[in-house]
Amino acid sequence: MHTKTFVAAAVGLGLVTLSACGSSSGSGGSTDSKTVTLVSHASWKISKNVLADFEKQSGYKVKFLQNGDAGQAVNQAILTKDNPQGDVFFGVDNTLLSRALDNGLFQSYEAKGAGRIQAQYRVDEAKHRVTPIDSGDICVNYDKAYFSKHKLTPPQSFDDLVKPAYKNLLVTENAATSSPGLGFLLGTAAKYGDAGWQDYWKKLKANGVKVVDGWEQAYNDEFSGSAGGKKAKADRPLVVSYASSPPAEVIYGDPKPKTAPTGTSYGTCFRQIEYAGLLSNAGNPKGGKAFIDFLVGKEFQEDMPLNMFVYPVIGGAQVPPEFVKYGQPAKDPETMAPTRIAANRDQWVKSWTSLVLK
């Protein structure tokens with residue numbers, strides 16, 4: 001996606017070092033009862049006026065600690081759970097949720113306003129260890145100019161991607177190190193089942209799929225349709241990214257294009273849901289609870305689309321018109337129950353690694 005904001009739009013995909021920002025700085029959990037520390041992946045972003053509203057209304061100052069990719073951030077949070085870096089963790093998604101829950105990362109808390117969250121996003125309702133915050137679709141994006149130039153129809157489905165017409169055109173992320181890479185793998189497992197997904201990846205490998213470590217490299221360095229890709233002389237017109245990437249290309253384009261230069265292959269989508277939770281040994285649980293309440297409030301939910309390029313999960317939240325105009329969520333994405341992901345994820349990633357990377 002695009003430079004600074006596209007990192008935010010990637011929904012947890014940037015591979016950057018730990019950084020601190022916000023109303024105060026430093027590391028460690030909130031020992032000050034007037035400070036709340038949010039730990040997240042690198043793609044967290046909030047408008048200054050919206051953050052100021054929370055701080056004014058709640059009386060808390062907020063500190064942010066951002067730690068790379070979603071998988072990276074979750075692993076770091078698990079390693080430090082006995083002495084956590086903060087009070088609230090944002091950005092664990094449905095592909096990694098069981099890892100966080102099984103490791104006791106969160107304590108129970110039912111957010112005020114949780115009743116507004118649409119039913120299809122709710123999980124763990126017996127214990128309320130996490131709260132759904134946003135949703136998005138991991139999908140193959142295509143470079144419109146490339147396909148127009150070569151008079152080639154863009155692929156519309158997983159089946160299309162293994163056809164000879166698309167040989168050596170696709171770049172994806174490593175399923176072992178990247179959230180969208182894992183989501184794309186799970187999408188193929190949902191589509192083809194336990195017996196079929198490995199055969200599918202054998203065909204994809206034979207058709208020249210390229211695998212890189214993370215989203216930033218795939219999108220900005222390898223994908224010919226991105227602003228960064230054009231500068232880098234990238235040669236892959238297909239990339240695993242998001243259904244919300246095309247509107248981001250328009251909104252943050254410089255100069256701003258009239259239409260999205262990229263499109264979405266909607267038959268390749270996998271639904272991703274992100275959650276927040278109160279860390280088990282939070283130093284300021286009261287402040288953490290107030291911040292989670294804020295995350296499911298209408299003001300923040302309506303602020304998310306143009307900052308993180310994701311969709312609200314509460315009923316009645318409005319999505320900006322330009323976000324809707326240039327990109328739509330998938331109408332029929334592949335999905336998978338968290339219990340099935342939990343039971344199979346690690347073995348699938350191990351098998352995928354042996355099959356694709358060796």
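Author: Strand β6 is joined to strand β11 (residues 311–312) by 2 bridges, and the two run antiparallel. This is a predicted model, in which local features need pLDDT of at least 70 and side-chain atom pairs count only at pLDDT 80 or more, while totals for chains, interfaces and linings use all residues. Residues are numbered from 1 along each chain as its sequence is written, and side-chain values use heavy atoms, with hydrogens and water left out.

Reader: What makes β6 and β11 a pair of strands?

Author: Strands are DSSP runs of E with at least two residues, and helices are runs of H or I with at least four, both numbered from the N terminus. Two strands pair if DSSP finds at least two bridges between them, and the 2 bridges between β6 and β11 therefore meet that requirement. One of the bridge partners is Y311 in β11, which goes with S135.

Reader: Which other strands pair with β6, and over how many bridges?

Author: Strand β10 (residues 262–279) pairs with β6 in the antiparallel sense over 11 bridges, with V140 standing opposite S265. Strand β9 (residues 238–242) is also antiparallel to β6, over 5 bridges, and there N141 faces V239.

Reader: How do you know that β6 is largely enclosed by the rest of the structure?

Author: A residue is buried under 20% relative accessible area, exposed over 50% and partly exposed in between, with a 1.4 Å probe and protein chains only. In β6 (residues 131–143), 13 of the 13 residues are buried, so the strand is largely enclosed.

Reader: Why are K210 and E222 called a salt bridge?

Author: The term requires a side-chain nitrogen of Lys or Arg within 4 Å of a carboxyl oxygen of Asp or Glu. The closest N and O atoms of K210 and E222 are 3.0 Å apart, and the pair therefore qualifies. K210, at 31% relative accessibility, is partly exposed, whereas E222, at 12%, is buried.

Reader: What makes R340 and D194 a tie between separate parts of the chain?

Author: Their side chains meet in a salt bridge of 3.2 Å, N to O. R340 lies in helix α15 (residues 338–357) and D194 in helix α7, so the pair ties together parts that are 146 residues apart in sequence. R340 is partly exposed at 29%, and D194 is partly exposed at 46%.

Reader: Why is the ring pair of W215 and Y219 called stacked?

Author: Rings of Phe, Tyr and Trp (its six-membered ring) pair if their centres lie within 6.5 Å, with planes under 30 degrees apart counted as stacked, over 60 as edge-to-face and the rest as tilted. For W215 and Y219 the centres are 5.1 Å apart and the planes stand at 20°, so the pair is stacked. Both residues lie in helix α8, 4 residues apart, about one turn of the helix.

Reader: Which residues touch the most other members of the largest nonpolar core?

Author: A nonpolar core is a set of buried Ala, Val, Leu, Ile, Met, Phe, Trp, Tyr and Cys residues joined through side-chain atoms within 4.5 Å. Of the 83 residues in the largest core, W44, W201 and F291 touch the most other members, and helix α7 (residues 179–206) gives the largest share, 9 residues.
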